[in-house]
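Q: I would like to learn how to read cross-links and contacts in a protein model. Can we work through one case?

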Amino acid sequence: MRMRSVVMVMLLPALMMSGSECRSSCRLTNISITLESEECGSCITIDTTACAGLCKTQESVYRSPTMMNYQNTCNFREWTYETYEFKGCPARADSIFSYPVALSCECSKCNSDVTDCGVLSQQTISCNVY
């Protein structure tokens, strides 16, 4: 019986750490996005990072019409922009495309002023054939 107690005490920190990972799994993930330029007649798929995962949330039993109700979602905490330039474009064609690259993530309220708060598709859209 004493040996079981010692084993349980030794396993407790590992169980607690695994439990914290399950509570919030919002993290960086690799995604592919398709860049297409009709003006340049080209299309390319690039790899970048985004934020994805689950955030702890709680649904109220009673929803008050006077209280704002929101749920935390997995969002970019820090990001930078990278640029891709399409080659062989005609003069005056818009050949430069900038896209966000996530550096870190957090569970927070989605700010629809600067973010598309919809669901991120995990399917890669392929380029159209020209």
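**Reading the links**

A: The torsion about the S-S bond of Cys-40 and Cys-89 is about 110°, so this disulfide (a pair of cysteine sulfur atoms within 2.5 Å) is right-handed. The model is predicted: local features need pLDDT of at least 70, side-chain atom pairs count only at pLDDT 80 or more, and totals for chains, interfaces and linings use all residues. Residues are numbered from 1 along each chain as its sequence is written, and side-chain values use heavy atoms, with hydrogens and water left out.

Q: Which parts of the chain does the pair Cys-40 and Cys-89 link?

A: Cys-40 is in the loop between β1 and β2 (42-52), and Cys-89 is in the loop between β3 and β4, 49 residues apart. Strands (E, at least two residues) are DSSP runs, numbered from the N terminus.

Q: How many disulfides does a search of the whole structure find?

A: The search finds four. One of them joins Cys-51 to Cys-105, with S to S 2.1 Å. Cys-51 lies in strand β2 and Cys-105 in strand β4, so this pair ties together parts 54 residues apart in sequence. The torsion there is -90°, and the link is left-handed.

Q: Is Cys-51 buried or exposed?

A: Buried means under 20% relative accessible area, exposed over 50%, and partly exposed in between (1.4 Å probe, protein chains only). Cys-51 has 9%, so Cys-51 is buried.

Q: What does Glu-106 form with Arg-77?

A: They form a salt bridge (a side-chain nitrogen of Lys or Arg within 4 Å of a carboxyl oxygen of Asp or Glu). Their closest N and O atoms are 3.6 Å apart.

Conventions. Helix = DSSP H or I, 4+ residues; strand = E, 2+ residues; numbered from the N terminus.
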